[in-house]
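Please look over the structure first.

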Amino acid sequence: QVRLVESGGGLVQAGGSLRLSCAPSGNIYGLTAMGWYRQAPGKQRELVAIINGSRLSETTYADSAKGRFTISRDGANIAVNLQMTSLKPEDTAVYYCYFNARWGMNLDYWGQGTQVTVSP
């Protein structure tokens with residue numbers, strides 16, 4: 001079974017930057033979207049950013065991420081990255097990578113989550 005493998009989380013001071021990366025452990029066919037969600041303690045999981053799997057110019061950002069975060073795809077490796085700048089303490093959360101594919105059926109893939117902690 002294909003897994004999504006994330007990297008790049010950690011501890012950073014407010015105003016700093018982090019880059020998250022995610023790649024599948026095997027092939028995924030019919031990829032439609034790739035993105036990042038996050039979940040802070042006591043809160044629901046929320047969308048951070050998502051990119052169209054084939055039309056890479058089509059991106060959607062949460063209002064909280066606009067102007068600070070950039071999602072991109074590494075086409076050669078079918079990896080998705082999230083460059084986060086001007087980080088704030090309220091960005092502290094577990095960040096989850098997400099892929100959606102349609103190959104005979106609709107398939108959702110989730111990463112295991114990576115912790116991002118932003119100190120004041």
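## Ground rule and model

A residue counts as buried when its relative accessible area is under 20%. It counts as exposed when that area is over 50%, and as partly exposed in between. By that cut-off Arg 68 is buried, because its relative accessible area is 12%. The model is predicted.

Arg 68 forms a salt bridge with Asp 91. The closest N and O atoms of this pair are 2.8 Å apart. Arg 68 sits in the loop between strand 6 (59–61) and strand 7 (69–74), and Asp 91 in the loop between strand 8 (79–84) and strand 9 (93–102). The pair therefore ties together parts that are 23 residues apart in sequence. Asp 91 is buried too, at a relative accessible area of 1%.

This bridge does not stand alone. Shared partners link Arg 38, Glu 46, Arg 68 and Asp 91 into one salt-bridge network.

## Other salt bridges

How many salt bridges does the structure hold? The count is five.

One of them joins the side chains of Arg 55 and Glu 58, at 2.8 Å from N to O. Both residues fall between the two cut-offs. Arg 55 has a relative accessible area of 48%, so it is partly exposed. Glu 58 is partly exposed as well, at 38%.

Another bridge joins the side chains of Lys 66 and Asp 63, with N to O at 3.1 Å. Lys 66 and Asp 63 are both exposed.

## The nonpolar core

The largest nonpolar core has 28 residues. Trp 36, Val 80, Leu 82, Met 84, Tyr 95 and Phe 99 touch the most other members. Seven strands are listed here as suppliers of at least two residues each: strand 3 (18–24), strand 4 (31–39), strand 5 (46–52), strand 7, strand 8, strand 9 and strand 11 (114–119). Strand 9 gives the most, with five residues.

Take Leu 82 as an example. Leaving aside residues up to four places away in sequence, its contacts include Leu 18, Leu 20, Trp 36, Val 48, Phe 69, Ile 71 and Tyr 95. Arg 19, Ala 49 and Thr 70 are also among the residues that Leu 82 touches.

Is strand 8 mostly covered or mostly open? Strand 8 is mostly covered, with five of its six residues buried.

Strand 8 pairs with strand 3 in the antiparallel sense, over five bridges. There, Leu 18 stands opposite Met 84 in strand 8. Strand 8 also pairs with strand 7, again in the antiparallel sense, over six bridges. Ser 72 stands opposite Asn 81 in strand 8.

## The disulfide

A disulfide is a covalent bond between the sulfur atoms of two cysteines. The count here comes to one. Cys 22 is joined to Cys 97, with an S to S distance of 2.1 Å. The link of Cys 22 and Cys 97 is left-handed, with -85 degrees about the S-S bond.

The pair connects distant parts of the chain: Cys 22 lies in strand 3 and Cys 97 in strand 9, 75 residues apart. Buried or exposed: which holds for Cys 22? Cys 22 is buried, at a relative accessible area of 1%. Cys 97 counts as buried because its relative accessibility is 0%.

Note on methods: Residues are numbered from 1 along each chain as its sequence is written. This is a predicted model: local features need pLDDT of at least 70, side-chain atom pairs count only at pLDDT 80 or more; totals for chains, interfaces and linings use all residues. Side-chain values use heavy atoms; hydrogens and water are left out. A salt bridge is a side-chain nitrogen of Lys or Arg within 4 Å of a carboxyl oxygen of Asp or Glu. Buried means under 20% relative accessible area, exposed over 50%, partly exposed in between (1.4 Å probe, protein chains only). Helices (H or I, at least four residues) and strands (E, at least two) are DSSP runs, numbered from the N terminus. A nonpolar core is a set of buried Ala, Val, Leu, Ile, Met, Phe, Trp, Tyr and Cys residues joined through side-chain atoms within 4.5 Å. Contact means heavy atoms within 4.5 Å. Two strands pair if DSSP finds at least two bridges between them. A disulfide is a pair of cysteine sulfur atoms within 2.5 Å.
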